[in-house]
Amino acid sequence: MNKENPKEFYARLKEQLEVNGSWPANYLYKFIIPTDTDKSLEIENIFDNTGAVITSKKSKNGKYTSLSITVNMKNPDAVIAKYIEVGKVKGVISL
């Protein structure tokens with residue numbers, strides 16, 4: 001996320017999600033994290049018991065890991081709640 005006000009960012013995201021889809025629906029989250037097993041586990045725990053499919057891929061130099069998480073979400077508010085939760089993990093970049 002850029003330097004934009006988080007409330008404005010999430011309000012615009014919610015609007016886009018409402019316009020572009022019918023819910024419940026599968027949603028693809030993408031995150032970049034420093035390669036760190038603890039951070040990866042922390043994010044995986046946020047999506048625990050949701051039926052999420054999580055794939056990870058290390059960068060060429062192994063310094064960063066990208067996480068792609070596909071999960072069925074009930075509505076845009078649920079999507080945003082997960083972004084906020086993951087945003088509390090230090091060093092995470094949401095795409």
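Author: This is a predicted model, and its largest nonpolar core has 21 residues, with Tyr27, Tyr29, Phe31, Ile43, Phe47 and Tyr83 having the most contacts inside it. At least two residues of this core come from each of helix 1 (6-20), strand 1 (25-34), helix 2 (37-46), strand 3 (64-73) and helix 3 (76-87), and helix 3 gives the most, with five residues.

Reader: Which residues is Tyr27 in contact with, leaving aside its neighbours within four places in sequence?

Author: With those neighbours left aside, Tyr27 is in contact with Leu13, Leu17, Ile69, Thr70, Val71, Met73, Val79 and Tyr83, where contact requires heavy atoms within 4.5 Å.

Reader: How do you know that the span of helix 1 agrees with what its 15 residues should give?

Author: At 1.5 Å a residue, the 15 residues of helix 1 should span 21 Å, and because its end C-alpha atoms are 21 Å apart, the two values agree.

Reader: What puts the buried residues of helix 1 on the same side, and what covers them?

Author: The buried residues in helix 1 are Tyr10, Leu13 and Leu17. They cover an arc of only 60° around the axis, and therefore lie on the same side of helix 1. An α-helix has 3.6 residues a turn, so residues three or four places apart point the same way. Strand 1 and helix 3 are included in what covers the buried residues of helix 1, whereas the face turned away from the buried side carries the exposed residues Lys7, Glu15 and Val19.

Reader: Why is Asn49 called exposed?

Author: Exposed means over 50% relative accessible area; Asn49 has 76%, and is therefore exposed. Asn49 lies in the loop between helix 2 and strand 2 (53-58), and its phi is near 65°, a positive value in a residue other than glycine.

Reader: What makes strand 2 hardly covered, and in which sense do strand 2 and strand 3 pair?

Author: Buried means under 20% relative accessible area, and among the six residues of strand 2 the count of buried residues is zero. Strand 2 and strand 3 pair in the antiparallel sense over six bridges, where a pairing needs at least two bridges; Lys58, for instance, has Thr65 in strand 3 as its bridge partner. The hairpin of these strands has five residues between them, and Gly62 takes a positive phi near 80° there.

Reader: What makes the peptide bond from Trp23 to Pro24 cis, and where is Pro24 placed?

Author: The peptide bond from Trp23 to Pro24 has omega near 0° and is cis, and Pro24 has its place in the loop between helix 1 and strand 1.

Conventions
Residues are numbered from 1 along each chain as its sequence is written. This is a predicted model: local features need pLDDT of at least 70, side-chain atom pairs count only at pLDDT 80 or more; totals for chains, interfaces and linings use all residues. Side-chain values use heavy atoms; hydrogens and water are left out. A nonpolar core is a set of buried Ala, Val, Leu, Ile, Met, Phe, Trp, Tyr and Cys residues joined through side-chain atoms within 4.5 Å. Buried means under 20% relative accessible area, exposed over 50%, partly exposed in between (1.4 Å probe, protein chains only). Helices (H or I, at least four residues) and strands (E, at least two) are DSSP runs, numbered from the N terminus. The expected span of a helix is 1.5 Å times one less than its number of residues. The arc is that of the directions from the helix axis to the C-beta atoms.
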